[in-house]
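Hi,

Here is the structure I promised to pass on. Have a look at it first, and my notes on pockets and aromatic rings follow below.

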Amino acid sequence: MISSRTDIESLSSRFAEHGRVLVPDILQPDFARDVLSAIGAQQGWLLVTRIEGRHREFDAAQMELVPKDKLQTFEDLVADEARSGFQYRFERHLLYDNLRAGKLPAGSLRELAELLNSDKFIGLLHAIMGKTFTPGDTFCDGQLTRYRAGHFLTSHDDELPEFRRVAAFVLNLTPDWSADLGGLLMFTGEDGHVQEAFTPKFNTLSFFKVPQQHAVSAVAPFAQGARHAVTGWLRRGPPPA
């Protein structure tokens with residue numbers, strides 16, 4: 001399901017120099033299209049954001065039914081949080097957690113979740129980092145993410161000591177997406193300037209070391225459809241019980 005590669009050396013060289021790399025054609029094309037189709041049919045998305053300093057989750061489908069004039073208080077709370085510090089607004093579907101709980105039915109999404117914790121995928125990440133891979137020393141978790149018009153993720157570095165994150169990845173699964181639509185993965189320097197940005201091209205893997213300051217730019221209000229991806233982390237140690 002992972003495409004065969006002849007460019008490991010160049011990917012590793014770029015990762016060593018910049019701490020990040022965009023890997024093209026990460027999945028075999030047919031499998032990537034199957035995953036995209038399954039994501040499109042997925043139900044049960046959660047809208048996630050921060051309100052008054054706390055992570056909050058809402059049923060995305062139900063939020064769509066709320067009249068716009070009734071949403072203003074919610075919109076104000078989301079905006080207030082963004083002005084004062086770290087904030088996000090996007091939709092997600094737990095992939096890794098549902099796999100471990102036995103809640104992912106057979107199909108391409110379950111195959112993808114299993115692939116992300118396979119020796120082949122984790123071994124590839126280690127090869128790009130230029131590190132020796134020992135099965136069981138690291139694992140990957142991940143979630144499906146859906147960014148629609150107005151969704152964003154402000155600057156942060158992904159470092160949470162209790163999660164033992166080594167690196168982060170974004171498996172981009174949106175065809176026909178351009179920089180004009182927003183949703184760019186942006187890396188910023190200490191001066192606050194954007195050093196580099198990755199457009200979420202279909203079937204590419206954005207891979208970067210943690211900690212590293214980054215953000216996802218707001219999806220444009222005229223964007224149709226959604227920016228789909230699998231967002232996850234390579235973590236030290238065995239999976240938690």
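The lining of the second largest pocket splits into six nonpolar, two polar and six charged residues. This is a predicted model, by the way. That pocket holds about 410 Å³ of space, and of its 14 lining residues, Met 63, Glu 64, Leu 71, Glu 75 and Arg 89 are the closest to the centre. Helix α3 (60-65) and strand β4 each put in at least two residues, with α3 giving the largest share, three.

On to the largest pocket, at about 810 Å³. There, 35 residues form the lining, and nearest the centre you'll find Arg 92, Gln 143, Asp 158, Arg 165 and Trp 233. By class, the lining has 17 nonpolar, eight polar and 10 charged residues. Quite a few elements supply at least two residues each, among them β4 (88-94), β5 (138-147), β7 (165-172) and β12 (227-236). Two of the central residues also meet each other: the charged end of Arg 165 sits over the Trp 233 ring, 4.0 Å from its centre.

Now the rings. I get nine aromatic pairs. In one of them, Phe 58 and Phe 74 have ring centres 5.4 Å apart and planes at 85°, so they count as edge-to-face. This pair ties strand β3 (Phe 58) to helix α4 (Phe 74), 16 residues apart in the chain. Phe 58 is buried at 18% relative accessibility, and Phe 74 is buried too, at 10%.

Elsewhere, Phe 86, Tyr 88, Phe 90 and Tyr 147 make up one aromatic cluster, and Arg 227 lies over the face of Tyr 147, 4.9 Å from the ring centre.

Cheers

Notes: Residues are numbered from 1 along each chain as its sequence is written. This is a predicted model: local features need pLDDT of at least 70, side-chain atom pairs count only at pLDDT 80 or more; totals for chains, interfaces and linings use all residues. Side-chain values use heavy atoms; hydrogens and water are left out. On a 1 Å grid over the protein atoms alone, a cavity is a set of points where a 1.4 Å probe fits but cannot get out, and a pocket is an open set with protein on both sides within 12 Å along at least five of seven lines; lining residues have an atom within 4 Å of a point. Grid points are joined across faces, edges and corners, and a volume is the space filled by probe spheres set on the points. Helices (H or I, at least four residues) and strands (E, at least two) are DSSP runs, numbered from the N terminus. Ala, Val, Leu, Ile, Met, Phe, Trp, Tyr, Cys and Pro count as nonpolar, Asp, Glu, Lys and Arg as charged, and the others, Gly among them, as polar. Rings of Phe, Tyr and Trp (its six-membered ring) pair if their centres lie within 6.5 Å; planes under 30 degrees apart count as stacked, over 60 as edge-to-face and the rest as tilted. Buried means under 20% relative accessible area, exposed over 50%, partly exposed in between (1.4 Å probe, protein chains only). A charge sits over a ring if NZ of Lys or CZ of Arg is within 6 Å of the ring centre and within 35 degrees of the ring normal.
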